[in-house]
Amino acid sequence: MVKISIICSDFSHPVYPVLADWINQQRNLYDIELVKSARLLREQGDFLFLVSCSELISASIRDRFSYALLLHASDLPNGRGWSPHIWEVINGANFITLTLLEVEDSVDTGRVWCKKRVELKKDDLYDDINQKLFAAEIELIDKAVTQRDKITPQVQDGRSQSSYYRRRTPEDSRLDVSDSLENQFNLLRVCDPERFPAFFEHNGQRYTLKLQKVGLTDNE
C-alpha cells in the first residue's frame, strides 16, 4: 500500500478539515498520516506532501520519502514566499495558479510537477476562494499519486524574473478609515474572519469586520 505523509503546520488552518475528509475517503487505498511537524513523521514512505507547512524540511527528512512535494499558490518562479494568492488577490488578480513542485533547500525553487489555474469571480469571498483553492490542491495531490510515472518534472525557468512575498501578519488586515470600501474590497474579501479578521481603529477603539454575502442587489 502506498504510504503518504502530509504536514499541515496549523490544525486550525481551514485546509485541515479538507485534508482530513480526503484522508477518510482514501484510507482503503493508501496508508496516510497527517501531522503538524516533521518530527512526527513516520520513518519512511512514498510521498511527503507539504500543505500550508511553515517549517523548512531538511534533505535528511526528504530522503526518507520517494517524493517530497509542496503545494504553492502562485505561478512559479513568480510569487515565491508566503501567502502568494492572498497578495495577488489584493492586487486585483482574477485567478490563482496552483503549483505542485519538489521540495528543495532553497524555498520554492524545486522542479515543477504540474500547475492548475483556479478561476475567481469578482464577488468570491474568503471561504469561496478557499473552497476553490483547496479543491485544486486535492486534485493535484491525487494526480501526483496516481500519475507519478507519467509526470516529467520541469526545472523552473531561470530566465524569468522571480518575485517573493513576505509573510503576512495580523496588521496586514488593517483597514484605512479614510479610504473607501470599494478601494479596500479585495483586502476585505481575503481576510480570515477567524484568525486574521479585517479591522479598523476609530476614536480609541478597535473594531473587526466580517464580510458576508446576503443576496443580490436590485440592479443585478
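Q: Asn-203 to begin with: buried or exposed?
A: Asn-203 counts as exposed, because its relative accessibility is 68%, and the cut-off for exposed is over 50%. Bear in mind that this is a predicted model.

Q: Where is Asn-203 in the chain?
A: Asn-203 sits in the loop that runs between strand S9 (198-202) and strand S10 (205-209).

Q: What is its phi?
A: The phi of Asn-203 is positive, about 55°, although the residue is not a glycine. Most residues other than glycine have a negative phi.

Q: And what about the phi of Ser-52?
A: Ser-52 is not a glycine either, and has a positive phi of about 55°. Its place is in the loop between strand S3 (45-50) and helix H2 (59-62). Ser-52 counts as partly exposed, because its relative accessibility is 31%.

Q: Still on the backbone: which peptide bond is cis?
A: The one from Leu-76 to Pro-77, where omega is near 15°. Most peptide bonds are trans. Pro-77 is in the loop between S4 and S5.

Q: Ala-73 then. Where is that one?
A: Ala-73 is in the loop between strand S4 (65-72) and strand S5 (80-81).

Q: Is Ala-73 buried or exposed, and what does it touch?
A: Ala-73 counts as buried because its relative accessibility is 8%, and the cut-off is under 20%. Not counting residues up to four places away in sequence, Ala-73 touches Pro-84, His-85, Ile-96, Thr-97, Leu-98 and Leu-133.

Q: Change of topic. How many helices and strands are there overall?
A: The protein chain has five helices and 10 strands. Its radius of gyration is 19 Å, close to the 17 Å from the globule rule for 220 residues, so the chain is as compact as a globular protein of that length.

Q: What box do the C-alpha atoms fill?
A: Roughly 55 × 40 × 40 Å, taken along the principal axes.

Q: How much of the chain is buried?
A: Buried residues are 44% of the 220. The accessible surface comes to about 12,700 Å², and carbon and sulfur atoms account for 46% of that.

Q: What about charges?
A: There are 28 positive and 34 negative side chains, and the centres of the two sets lie 3 Å apart.

Q: Which residues touch the most other members in the largest nonpolar core?
A: Ile-4, Ile-6, Leu-19, Phe-47, Phe-49 and Leu-100, out of 37 residues in that core. Helix H4 (residues 126-146) gives the most to this core, with nine residues. Apart from it lies another core of 16 residues, including Leu-41, Leu-48, Phe-65 and Ala-68.

Q: Back to Leu-19: what does it touch?
A: Ile-6, Cys-8, Leu-34, Val-51, Ile-138 and Ile-141, not counting residues up to four places away in sequence. As for the whole chain, among contacts between residues at least 6 apart in sequence, 65% join residues at least 24 apart.

Q: Next, Asp-192. Buried or exposed?
A: Asp-192 is buried, with a relative accessible area of 7%. Its place is in the loop between H5 and S9. Leaving out residues up to four places away in sequence, Asp-192 touches Pro-14, Tyr-126 and Pro-197.

Q: Where is Pro-14, and what else is it in contact with?
A: Pro-14 is in the loop between strand S1 (2-7) and helix H1 (15-26). Neighbours within four places in sequence aside, its contacts are Tyr-126, Asn-130, Phe-134, Asp-192 and Arg-195. Pro-14 counts as partly exposed, because its relative accessibility is 24%.

Q: Last one: Leu-187. Where is it, and what is around it?
A: Leu-187 is in helix H5 (residues 185-190). Leu-187 is buried, at 14% relative accessible area. Setting aside neighbours within four places in sequence, Leu-187 is in contact with Ile-90, Arg-168, Asp-172, Ser-173, Arg-174 and Leu-175.

Q: And how far is Leu-187 from Trp-87?
A: The two are 8.8 Å apart in space, C-alpha to C-alpha, and 100 residues apart in sequence.

Technical notes. Residues numbered from 1 in each chain as written. Predicted model: local features only at pLDDT ≥ 70, side-chain atom pairs only at ≥ 80, totals over all residues. Heavy atoms only, no water. Helix = DSSP H or I, 4+ residues; strand = E, 2+ residues; numbered from the N terminus. Rg over C-alpha atoms; globule rule 2.2 N^0.38 Å. Buried < 20%, exposed > 50% of the residue type's maximum accessible area, 1.4 Å probe, protein only. Contact = heavy atoms within 4.5 Å. Areas by Shrake-Rupley, 256 points an atom, 1.4 Å probe, with all protein chains shown as cover. Lys, Arg positive; Asp, Glu negative; His and termini not counted. Charge placed at Lys NZ, Arg CZ, Asp CG, Glu CD. Core = buried A, V, L, I, M, F, W, Y, C linked by side-chain atoms within 4.5 Å.
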